Amino acid sequence: MSWEAEITELRRREELARRMGGPEKVKRQHDGGKLTVRERIERLLDPGSFHEIGAIAGRGQYDDDGNLIDFSPTNFVFGRGRIEGRPVVVGGDDFTVRGGAADASIWEKQVMAEQMSHELRLPMVRLVDGTGGGGSVKSLEMDGRTYVPRMPGWQHVVANLNTVPVVALALGSVAGLGAARAVSSHFCVMVENISQMFIAGPPVVARTGVEMTKEELGGSEIHTRAGAADLAVASEEEAFAAARRFLSYLPQSIYELPARIAPSDDPNRRDERLLSIVPRDRRRVYKMREIIDMTVDQGSFFEMGRMYGRSSITGLARLDGWPVAILASDPYHYGGGWTADAAHKITRFVDLAQTFHLPVVHFVDIPGFLIGPEAEQAGTIRHGARAMAAVYQASVPWCSILVRKSFGVAGAAHSNHSRLQYRYAWPSGDWGSLPLEGGIEAAYRAELEKSADPAALLKQIEDRLNKVRSPFRTAEAFLVEEIIDPRDTRPLLCEFANLAAPLRQPGPSTFGYRP
């Protein structure tokens, strides 16, 4: 006796499932400039590594004798595969079957994908291309009832944020539950002109009296600037490459440490340009990203969230092969001051470093919090205090490079002062409770008001105070530990990375990741 007939039937059903929504729907997907879910999985993963689960789940049509005559697969494809040899879980919406809507799915498949990622401690990659959680309102008529919304399996989505790296690629018009799945990740990528993301799409928004296109309402430019997406790329292939690169810096889960790669750059490299990159004129800006590129392993800096909270720079890099988290100020935006958006960005990024045991290197040029009515209306101080709490809660190794300014509460948040101050100051360092520019007028207001020549008195006071603002005066009192030649920054940071590596312990953080 053989089971060959059943295996033949299995292969037939698998072949029917691979048709997805049928040739017409597949053509429509391609005509829209988009890959199908199976093409996406094939291009994301190492060749031949995908093992699909639930391939023949769907809706069958049978004749009167019980023979299968047609089959429509569910619109969610998932399974295990490998990226650069490392196992991952990948799940993707099939837009060719009812636009990826949940009313054409078996929701248990999505739940199992998240559960598998969590319990097997494997990174999760979501390929999101769905129109929402409930699908069309037509389903109400089909079912003959409505329902109270719920979120099956969301406990696994939340748990995964605290356990395994989660990447979400928004690869189409993503609304409702699909949008929530996209942003509930450590790294969310959109594709320009193909991806849109919204709570509700233009037809629903139009009922409020607002007419907008999909791109105007929720295009990649909207969401990268709002912080809902971390990166926008020009093509799906670039999105897959970004996912692979992001995962290369992280461990499989919190129960492992980020792996070192073979060093390809001299740890003792000294870049002469660092000596003059910061202008002597404190009012002039400079390019912090160039400092980062000159000090980390060449070509290793991978920036995240560039268009949001722009006074702060966040990204991943390597030092002597070790993965590290890079936090830096961008003086081109508000002089590097912390805005409410920057504070949100910093909180989320520090949480990422803490969750996955990444040492933090902070290049500091912080004149304080943004001031003025807009800052107050945005609740900047509350959001800034939250970011400072994240810094103080973090226990991963931390090294600060005081490049220029460090003023006020935000400047004080460059590190947790109660821990070992592993930091270095550049000769361009300038710090205090308030910058002299503006601070003099506040501190010497009475004298200036009484003076017959306030401008001359202000100049005298500035000259006196400039003599004591030298970083060498601070170092004399051991209020800053070391002033270094900027060209020595890379060798010292590589030493930090090598010293920090054995100090880390795998396992859960004392607090959870805040999405």
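**View 1. A buried cysteine, residue 494.** At 2% relative accessibility, cysteine 494 counts as buried, a word used here for residues under 20% relative accessible area, with exposed meaning over 50% and partly exposed in between (1.4 Å probe, protein chains only). Welcome to a predicted model, in which local features need pLDDT of at least 70, side-chain atom pairs count only at pLDDT 80 or more, and totals for chains, interfaces and linings use all residues. Residues are numbered from 1 along each chain as its sequence is written, and side-chain values use heavy atoms, leaving out hydrogens and water.

**View 2. An open sheet of seven strands.** The strands follow the order S1-S4-S5-S6-S7-S9-S11, with mixed pairing. Strands (E, at least two residues) and helices (H or I, at least four) are DSSP runs numbered from the N terminus, and two strands pair if DSSP finds at least two bridges between them. S1 (51–53) and S11 (231–233) stand at the edges with a single partner strand each, so one side of each has no neighbour in the sheet. From one strand to the next, the twist averages 20°.

**View 3. Strands S9 and S11 side by side.** S9 (residues 187–191) runs parallel to S11, and three bridges join them. Look for valine 191, which stands opposite valine 233 in S11.

**View 4. Helix H3 on the sheet.** H3 (residues 37–44) packs on the sheet and touches S1, S4 (76–83), S5 (86–93) and S6 (124–128). Contact means heavy atoms within 4.5 Å. The direction of H3 makes about 160° with that of S5; axes are lines fitted to C-alpha atoms, for helices over the stretch in contact, and angles run from 0 to 180 degrees between N-to-C directions.

**View 5. Helices H4 and H6 packed together.** H4 (residues 107–120) and H6 (residues 154–161) meet at an angle of about 30°, with their axes 9 Å apart. The two are therefore roughly parallel, a label for angles under 35 degrees. On the H4 side, the contact is made by Val111, Glu114, Gln115, Ser117 and His118; H6 brings His156, Val157, Ala159 and Asn160.

Notes: Parallel < 35°, antiparallel > 145°, perpendicular 65-115°, else oblique.
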